[in-house]
Amino acid sequence: MSIQVIQGILIPFLGTALGSGCVFFMGKAMRQGLQRALTGFAAGVMVAASIWSLLIPAMEQAEAMGTWAFVPAVVGFWAGILFLLLLDRIIPHLHLNADQCEGPKTALPRRVMLVLAVTLHNLPEGMAVGVVYAGWMSGNESITLMGALALSLGIAIQNFPEGAIISMPLRAEGMSKGQAFGAGVLSGAVEPLGAFVTILAASVLVPALPYLLSFAAGAMLYVVVEELIPEMSAGSHSNIGTVCFALGFTLMMALDVALG
């Protein structure tokens, strides 16, 4: 595995770690408006990344392989949706806002539930980065190194607010700043791990790459619809989440087109 790939799969994790560090400089609680803005921004980045970095390359590669372009995209997309739906059934239904956790009763403390929620959220992002770098390593002409880097940077940017969203509520729950920071960093550790495992799988199953790209897109969009959109719209009426969604979407779209 080249140094470019190792750096690429670590960049999103760095975004989470830097965001978690906000706990050292900000108060215990995050204002609802700020949380809406950060969550909306993250959702916009993930939607754009799912389209330009995952679904479009998946269809382009499928077409080059001589199959109907939409078949791997549809099959892989639904596999990603159903995979996250299954995880959502196995693990108690968790929202990023610990005050809004709902679903089966659990003996786990709210702070543990919050870490689990963000960790589950980060898994498809790590898989997305891994499968794109795997596509570049396999010689896929529709995926460039700069395009893979754009995805890594985009997810790192949206991971920054995620790190703050988890570390600051944990601080408000009574954790020390160091503990809250450590929990935020830990929640992001699943991303490079997921990326590494996905790269190994894709290197063995190169013909399945369009399905894996679409799988990652489906998983990411499940997180957006199930977790991020409700969070950015929670509470009294406000357009800040929608505006920041548009900002995140256009930023990721510009990164992908400019660098890809």
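**View 1. Solvent accessibility of F24 and F181 in the predicted model.** F24 has a relative accessible area of 37% and is therefore classed as partly exposed, since this class lies between the 20% limit for buried and the 50% limit for exposed residues. F181 is likewise partly exposed, at 27% relative accessibility.

**View 2. The aromatic pair formed by F24 and F181.** Four aromatic pairs are counted in this predicted model. In one of them, the rings of F24 and F181 lie 5.4 Å apart, centre to centre, with 50° between their planes, and the pair is tilted.

**View 3. The aromatic pair formed by F83 and F215.** The ring centres of F83 and F215 are separated by 5.5 Å, and their planes meet at 45°, so this pair is tilted. Here two helices are linked: F83 is in α3 (residues 70-90) and F215 is in α8 (residues 209-232). These positions are 132 residues apart and represent distant parts of the chain. F83 is partly exposed, with a relative accessible area of 29%. F215, with a relative accessible area of 16%, is buried, because residues under 20% are assigned to that class.

**View 4. The aromatic cluster of W52, F245 and F249.** A single aromatic cluster is formed by W52, F245 and F249.

How values were computed
Residues are numbered from 1 along each chain as its sequence is written. This is a predicted model: local features need pLDDT of at least 70, side-chain atom pairs count only at pLDDT 80 or more; totals for chains, interfaces and linings use all residues. Side-chain values use heavy atoms; hydrogens and water are left out. Rings of Phe, Tyr and Trp (its six-membered ring) pair if their centres lie within 6.5 Å; planes under 30 degrees apart count as stacked, over 60 as edge-to-face and the rest as tilted. Buried means under 20% relative accessible area, exposed over 50%, partly exposed in between (1.4 Å probe, protein chains only). Helices (H or I, at least four residues) and strands (E, at least two) are DSSP runs, numbered from the N terminus.
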